[in-house]
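Colleague: Could you take a close look at one part of this model, the surroundings of the ligand? Please walk me through what lies around it.

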Amino acid sequence: MKNKALDLSRHEAREYHTNYSGIFFKAKKVLLDKKSKFQRIEIIENQFFGKVLFLDGLVQTTEKDEFFYHEMLVHPALACHPHPARVLIIGGGDGGALREALKHPVEKVWLVEIDQEVIRACEQHFPWLEEALADSRAELAIADGFDFIQQTRDRFDVIIVDSSDPVGPSAVLHARNFYQKLKKVLKPDGIIVAQAGSQLLHLEEHGQKYRFLKKMFEHTLFYFGPVPTYPMGTWCYNFLSDVIDPREVKKLRIPEGLKYYNQEIHAAAFSRPQFFLEKLK
Ligand code: AG3
């Protein structure tokens with residue numbers, strides 16, 4: 001069974017990346033194992049990584065390394081935008097992206113998560129979620145991201161898509177149709193960033209996505225960062241804007257106290273390795 005992480009007979013939880021490889025964690029404790037209307041939610045405690053959250057058998061977040069991912073997903077866009085007042089986050093029910101967004105001088109951040117059970121589980125196990133939701137600038141909507149953007153009358157300065165992988169059930173959040181709808185609720189000078197998947201494992205998908213995105217946005221960029229517990233280590237993000245080229249921004253507005261993202265990382269993150277460039281041709 002591919003979508004269950006826990007293997008109690010071995011006291012382990014694991015994610016398969018291919019039929020032949022993956023990552024495993026010794027489970028010191030099983031903190032949660034349940035099925036919601038949408039997915040299987042599992043949380044274990046690991047001696048090194050702390051709490052590890054899986055959705056349908058895929059690692060979403062670990063206490064030890066979540067900052068690599070959440071800082072790289074959120075800060076490049078928010079540091080580039082001159083006035084990021086209204087921010088929309090789609091997915092990201094664990095609250096890591098919300099917590100990072102609130103470090104900027106934003107007026108309001110919407111968190112649109114489809115699965116109430118993910119919110120419930122994370123409120124219990126990841127203390128930063130409750131804290132972030134208690135911020136008066138944060139607003140939680142339990143809704144399908146697709147429906148939300150079709151119905152909202154708000155327009156956003158920055159949209160952050162914290163979805164799951166570009167293959168499987170979350171593939172719809174990586175498709176052309178979704179980005180067309182997103183663009184309609186983005187202000188003309190706004191920025192969309194999206195987690196795009198593993199640099200190596202999802203290489204084919206990146207090529208396909210790039211071909212439609214570059215027709216939709218003046219600046220269609222990929223950037224990269226490591227996430228030690230995600231498939232094959234190096235992770236991809238999309239940066240999309242008609243106005244802002246993140247490589248040209250002179251004054252990045254970087255909040256104090258971050259652990260991964262800084263000016264040097266920003267400058268390096270948009271450099272693409274040769275095998276990746278070949279895919280974008
Ligand atoms: N969003 C990205 C998770 C993708 C991980 N993929 C995988 N393990 N195959 C996670 C939500 C974190 N806020």
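Modeller: Let us start with a term: strands, like helices, are DSSP runs, and they are numbered from the N terminus. A residue is near a molecule if one of its heavy atoms lies within 4 Å of it. Keep in mind that this is a predicted model.

Now the shell. The ligand is surrounded by 15 residues. The closest are E15, H70, D94, D162 and D165. By type, the shell holds six nonpolar, five polar and four charged residues.

Next, where the ligand is. The ligand sits in the largest pocket. Two elements, β7 (58–62) and α1 (66–80), each give two or more residues to the shell. Of the elements, β7 gives the most, with four residues. Domain 1 (8–62) and domain 2 (66–280) both contribute to the shell, so the ligand lies between them.

Start with E15: an N or O atom in its side chain is 2.7 Å from a nitrogen atom of the ligand. H70 also uses its side chain, with a polar atom 2.7 Å from a ligand nitrogen. V59 uses its backbone instead: a polar atom there is 2.8 Å from a nitrogen atom of the ligand.

Last, the cover. On its own, the ligand has 400 Å² of accessible area. The protein covers 99% of that area.

Definitions and conventions:
Residues are numbered from 1 along each chain as its sequence is written. This is a predicted model: local features need pLDDT of at least 70, side-chain atom pairs count only at pLDDT 80 or more; totals for chains, interfaces and linings use all residues. Side-chain values use heavy atoms; hydrogens and water are left out. A polar contact is a pair of N or O atoms within 3.5 Å; within protein, one must be able to donate a hydrogen and the other to accept it, and residues adjacent in sequence count only if both atoms are side-chain atoms. Accessible areas come from the Shrake-Rupley method with a 1.4 Å probe; for residues, only the protein chains shown count as cover. On a 1 Å grid over the protein atoms alone, a cavity is a set of points where a 1.4 Å probe fits but cannot get out, and a pocket is an open set with protein on both sides within 12 Å along at least five of seven lines; lining residues have an atom within 4 Å of a point. A molecule sits in a cavity or pocket if more than half of its atoms lie within 2 Å of its grid points. Ala, Val, Leu, Ile, Met, Phe, Trp, Tyr, Cys and Pro count as nonpolar, Asp, Glu, Lys and Arg as charged, and the others, Gly among them, as polar. Domain bounds come from an automatic or database domain assignment.
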